[in-house]
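Subject: Structure handover

Hi,

Here is the structure I promised to pass on. Please open it alongside this email; my notes on what turned up follow below.

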Amino acid sequence: MSLDAKIPTGPLEQKWDNHRFHTKLVNPANRRKFEIIVVGTGLAGASAAASLGEMGYNVKAFCLQDSPRRAHSIAAQGGINAAKNYPNDGDSVHRLFYDTIKGGDFRAREANVHRLAQVSNSIIDQCVAQGVPFGREYGGSLSNRSFGGAQVSRTFYSRGQTGQQLLLGAYGALMRQAASGQVKIFPRREMLDLVVVDGRARGIVCRNMVDGKIESHAGHAVLLCTGGYGNVFYLSTNAASCNVTATWRAHKRGAFFGNPCFTQIHPTCIPVAGAQQSKLTLMSESLRNDGRVWVPKTAGDNRSPSQIPESERDYYLERRYPSFGNLVPRDVASRAAKAVIDEKKGVGPTGLAVYLDFADSIKRLGADVIRERYGNLFDMYAHITAEDPYQTPMRIYPAVHYAMGGLWVDYNLMTTVPGLFCLGEANFSDHGANRLGASALMQGLADGYFVIPYTLGGYLASGGIPSVGADHAAFRDAEKAVEEQTRRLLAVQGRRTAADFHRQLGLLLWDKCGMARNEAGLKDLLSRIPGIREEFWQNVKVAGQKESFNQALERAGRVADFLEFAELLVRDALERRESCGGHFREEFQTPDNEARRDDKNFAHAAAWEYRGDGQDPMRHAEPLTFEAVSLAQRSYQ
Amino acid sequence: MSGDMRFTLKVWRQKNAAEMGRFEIYEAKGVSPDMSLFEMLDAVNEDLILKGEDPIAFDHDCREGICGTCGSVINGQPHGPETGTTTCQVFMRLFKAGDTITIEPFRAKAFPVVKDLIVDRSAFDRIIAAGGYVSVGTGAAPEANTLPVPKEKSELAMDAAACIGCGACVAACPNAAAMLFVGAKISHLGLLPQGQPERDRRSIALRRAMDREGFGNCTNHAECEAACPKEIKMRNIARFNRDYLKASFLSEE
């Protein structure tokens, strides 16, 4: 099977407009004849379901939370990018496009990224019209701030809870459609399989998490908007329920997985405090606008920060990257932190942290200004660590945050399974090997509000989609497979919990496939993961019953999928013999320890094909061609 | 982080909405002050699973105080003893080693128990569906800066919009009223120019939806404000009442 990205012809700037014109439309009277299944109600899912409902499609929206408003998009703090150029500082669609392509270390598709930049302004318009309370200037106009990886101020924000406010906007739109009956919402449902009939995605099988009943839902197309897989590392900034199950099961039904090794490690998180910790908390990247990152110059210096004089501090980001300073992109900042910590210059009780210091900003601007900008983040930090960041520098450390990889999709956001679309973080499309701050919200909403309403119509209007109901035999087969897995999980009755296996897997991955990777470590992982998986199926203990509310069973199902997916992630990291963005292979670095790409051999997206249990997956490559930008060594110096 | 604190936990267990619930006693050992209450419950649950017993069901997701999923009553207080925090942000350093800690679900007629500490808050979704939004379709928006919003208004709207829909206000209220939740949405949209066209309609529709769901009314106990993890103020209820009064006298809705 060959990968066709379906990139429209013509000049980059005109591709999207041309494509929209040439894409077939579904006439308004016919839209009501189509049932669309949307899985996930974060920014991508809620905006897609609402927009499609408004157009007249019959939509069923599923989420595993108790309400669609709770998807993990709410946790995004810092902001959302757009090319409005309100500050008159030189921004443009082309610059946003360029920064995003460069930020992704030239491993994303030009046409997709350009489209993202093009629709970015409409997103802000839409959200403002919905009543999203963005930060404003005294004159009443919208306010912007700068973010890592850019030299212009293009980030719109709602204090430290931009994701929450944007999602409430999309959720409001979704609930308006729910009230009109155009969208039916199914909360507390977990998708456990994709149903494919005659080569097309025709529905899903899910578990009702309240009563444990297995349900089938049929439709003319399925949209997966199920977020990222960062929790494969056990500790991450992701919410507890974030998982790979929906995309992994779709992968096993034929959807290729794109660039699974592209994971983002975010530089500013609260450090790990102990073995029983269940999650890592992100401190918004926006803090780096006013905070300065430093460590002591001398290894092993364990004086308190106030006792280390200015001359004995190493502001290593400002030193290494004078033009971007503390605002270098996330991958660069995380690696730089790792480098100083490897030199034993880390701070705090574990030595696994660096300082993020606001003393200079507080002196320059006053504590009140800092409180207005970051008050809730400072409070959160103080609450978790019992330290006051107005008085003493924050301690931060990198943590797994975002998955750039995801299901491979073409320009229309369709996977390799016809009729199965994938939006938002769950797909692989726009961020290449590293995502810039404030771009995830932009992508989720671009996909849902402004891309899928057009491209889905193109698929439906092309015809040939026969009527298939949930009574089709393929649904019975999928239900049976799901029931069988549930039965097996409950039957093992071993001596270790699913969480215990998850922790074991996560620590291994973080150690050998985290911020730095090398061939020996990756091969070691590949030899060990199958053993953990085998032990899981012989020794896991899941309490409770099948047909009841059972969080232990939910967790076990997700861990089972992580144990399969992890192997693909590692395999992808091993096969990509270059360093790019968040994927840092120690064998491939420049003399000053920056990532060294290999454009000759790896200027492509890897798309993995599942070929059955016990079979090696097959790696396909989608070549990336660059017309508007020239490939360059990424420099933030 | 492994610690040596011990606690006695008195936890509400209830199989499902139909069956009666009761308190059960559990011992938590090896607790460190930096652990969160949920991390302690995780450890208790691991033990229960290994013993083949049903673990304590509790809602949680982001574990950083923003998603609104979690919510339990800790020692009689929704979201625990501290102000301005969610249950997931309750850390064990707040308690003295050896304490008995009582953990029970939010209690309100409109929030039936699903299991143990988990309640069904879908009534909130139905209230929002009744009109807690600006009716603007995708693509119908004017250029964002064509509508200036005074910074003060915008900040006040943001104060109200910060509601995470957790339901602690309902659990804290002796009447199980949802006035703070609804008042916050009314304020958020009513303070902004975008919210004006539907302002009258919204206050009437949300009021009706709230009554339909079986929430009580406000009698100014202010317990909601004290329990709110986002410190949403009572004045939002006053604004809601004013809007509702005005709308019911003057509007044709």
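This is a predicted model: local features need pLDDT of at least 70, side-chain atom pairs count only at pLDDT 80 or more; totals for chains, interfaces and linings use all residues.

Arg145(A) lies over the face of Tyr157(A), 3.9 Å from the ring centre.

Aromatic pairs

Over all chains, the structure holds 30 aromatic pairs. One of them is Trp294(A) with Tyr355(A). Their rings are 4.7 Å apart, centre to centre, with 45 degrees between the planes, so the pair counts as tilted rather than edge-to-face, which needs over 60. Trp294(A) belongs to strand 13 of chain A and Tyr355(A) to strand 15 of chain A, so the pair ties together parts that are 61 residues apart in sequence. Both Trp294(A) and Tyr355(A) are buried.

Phe358(A) and Phe378(A) make an edge-to-face pair, at 4.8 Å centre to centre and 65 degrees between the planes. Phe358(A) is in the loop between strand 15 and helix 10 (359-365) of chain A, while Phe378(A) is in helix 11 (residues 367-385) of chain A, so this pair links parts that are 20 residues apart in sequence. Phe358(A) has a relative accessible area of 1%, so it falls under the 20% cut-off for buried. Phe378(A) is buried too, with a relative accessible area of 1%.

There is also an aromatic cluster, formed by Tyr229(A), Trp248(A), Phe257(A) and Phe565(A).

Strand 13 and its partners

How many residues of strand 13 of chain A are buried? Four of the five (the strand covers residues 292-296), so the rest of the structure largely encloses it. Strand 13 of chain A is joined to strand 15 (residues 354-357) of chain A by three bridges, and the two run antiparallel. Within that pairing, Val293(A) stands opposite Leu356(A). Two bridges join strand 13 of chain A to strand 14 (residues 313-314) of chain A, again antiparallel. There, Pro296(A) has Arg313(A) as its bridge partner.

The four-stranded sheet

Four strands of chain A form an open sheet in the order 17-11-21-22, with antiparallel pairing. Strand 17 (406-407) and strand 22 (618-623) of chain A are the edges, each pairing on one side only. Strand 11 (residues 257-258) and strand 21 (residues 604-609) of chain A are joined by two bridges. Gly258(A) has Ala607(A) as its bridge partner in strand 21 of chain A.

Helix 16

Helix 16 of chain A lies across strand 11, strand 21 and strand 22 of chain A. It runs at about 145 degrees to strand 21 of chain A.

Helix 16 (residues 551-575) of chain A also packs against helix 13 (residues 473-492) of chain A, at an angle of about 105 degrees and with the axes 10 Å apart. That makes the two helices roughly perpendicular. From helix 13 of chain A, the contact uses Gln485(A), Thr486(A), Leu489(A) and Leu490(A). From helix 16 of chain A, it uses Leu553(A), Ala556(A), Gly557(A) and Ala560(A).

Thr245(A)

Where is Thr245(A)? It is in helix 7 (residues 245-252) of chain A. Its relative accessibility is 1%, so Thr245(A) counts as buried. Leaving out residues up to four places away in sequence, Thr245(A) touches Glu190(A), Met191(A), Leu192(A), Gly557(A), Arg558(A) and Asp561(A).

Best wishes

Methods. Residues are numbered from 1 along each chain as its sequence is written. Chains are lettered from A and ligands numbered from 1 in the order in which they are written. Side-chain values use heavy atoms; hydrogens and water are left out. Buried means under 20% relative accessible area, exposed over 50%, partly exposed in between (1.4 Å probe, protein chains only). Two strands pair if DSSP finds at least two bridges between them. Rings of Phe, Tyr and Trp (its six-membered ring) pair if their centres lie within 6.5 Å; planes under 30 degrees apart count as stacked, over 60 as edge-to-face and the rest as tilted. A charge sits over a ring if NZ of Lys or CZ of Arg is within 6 Å of the ring centre and within 35 degrees of the ring normal. Axes are lines fitted to C-alpha atoms, for helices over the stretch in contact, and angles run from 0 to 180 degrees between N-to-C directions. Angles under 35 degrees count as roughly parallel, over 145 as roughly antiparallel, 65 to 115 as roughly perpendicular and the rest as oblique. Contact means heavy atoms within 4.5 Å.
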